[in-house]
Amino acid sequence: MECAYRILVVDDDAEILRLVQGVLQRAGMIPLTASCVAEAEALLAQEPADLIVLDLMMKDEDGLSFCRRLRAKDTIPVIFLTALSSDIDRIVGLEVGADDYIGKPFNPRELVARIKAVMRRMAERVENQSPTSGSALRFGPFRLVPEQMSLCDAEGDEIQLTSGEFVLLKILVERAPRVLSRETLLDLSRGLDATPFDRTIDSQISRIRNKLGDDPRRPTYIKTVRNLGYALSTRVTREA
């Protein structure tokens, strides 16, 4: 039996809210709805959600700024659902921390499939999770614990990554120093959800570098191998 995910839908279009609410209910999920960012924040303060489906353009505060503020303190997955579906809009949305992006009009089955795909990637947060389970991977001053989806710096402070960013970094760390093409990274991180024109890898790598304090012109940790792909260029050690 599938988990009844609690999905917060934020959109100022009442018809879209009703449509998505019905789609999620039929899929066995629990929809929470808000017509603006203020309502969404009030709901989140009262009860947690597993994922947010967020409109990009709204009357009060837009989805981009809300997602940016959310990412500063939380790793809850975000899927943008919006009429702005150009490549530039999609890339901007992913760069501020969204986990996926769906353009309007949308196929209800695709929305459900993408929610499930994002939640599958988040499942590593709870699988076999305990303070002592598994092993940690160290590279440079960083400590990555796959089972806990945790990345800490030299002082032990956790670095906030989205689920997509964490999975991508884990792939690079576990396969270091191999050079992995964008296609390989897409296949390993997103599987059947990847598309031939998906440029999210470049955006995610850029965000990961920024969070690691990596200079993109002379990266210390993640290097770009021209015409080939990306690789972790720092020695990795494993600890119990």
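**View 1. Glu174 and Arg175 make a pair.** Glu174 is partly exposed, with a relative accessible area of 36%. Here "partly exposed" sits between buried (under 20% relative accessible area) and exposed (over 50%), using a 1.4 Å probe and protein chains only. Arg175 is also partly exposed, at 25%. Their side chains meet in a salt bridge (3.8 Å, N to O). That term stands for a side-chain nitrogen of Lys or Arg within 4 Å of a carboxyl oxygen of Asp or Glu. By this rule, the count comes to twelve salt bridges. A quick note on what you're looking at: this is a predicted model, where local features need pLDDT of at least 70 and side-chain atom pairs count only at pLDDT 80 or more, while totals for chains, interfaces and linings use all residues. Residues are numbered from 1 along each chain as its sequence is written, and side-chain values use heavy atoms, leaving out hydrogens and water.

**View 2. Arg69 reaches Glu41.** These two side chains form a salt bridge at 2.8 Å, N to O. The pair links distant parts of the chain, 28 residues apart: Arg69 belongs to helix H3 (residues 63-71) and Glu41 to helix H2 (residues 37-46). Helices (H or I, at least four residues) and strands (E, at least two) are DSSP runs, numbered from the N terminus. Arg69 is partly exposed at 35% relative accessible area, and Glu41 is partly exposed at 31%.

**View 3. Asp202 meets Arg182.** In this salt bridge, the closest N and O atoms are 2.7 Å apart. Asp202 lies in helix H8 (residues 200-212) and Arg182 in helix H7 (residues 182-190), so to speak distant parts of the chain, 20 residues apart. Arg182 is partly exposed, with a relative accessible area of 30%.

View 4. Strand S9 (residues 222-225) and strand S10 (residues 229-232) pair in the antiparallel sense over four bridges. To count as paired, two strands need at least two bridges found by DSSP. Lys223 stands opposite Ala231 in S10. Three residues sit between the strands, and Asn227 in the turn has a positive phi of about 65 degrees.

**View 5. Four strands form an open sheet.** The order is S8-S7-S6-S11, with antiparallel pairing. At the edges are strand S8 (150-152) and strand S11 (236-239), each pairing on one side only. Three bridges join strand S6 (residues 136-139) to strand S7 (residues 142-145), and Leu137 has Leu144 in S7 as its bridge partner.
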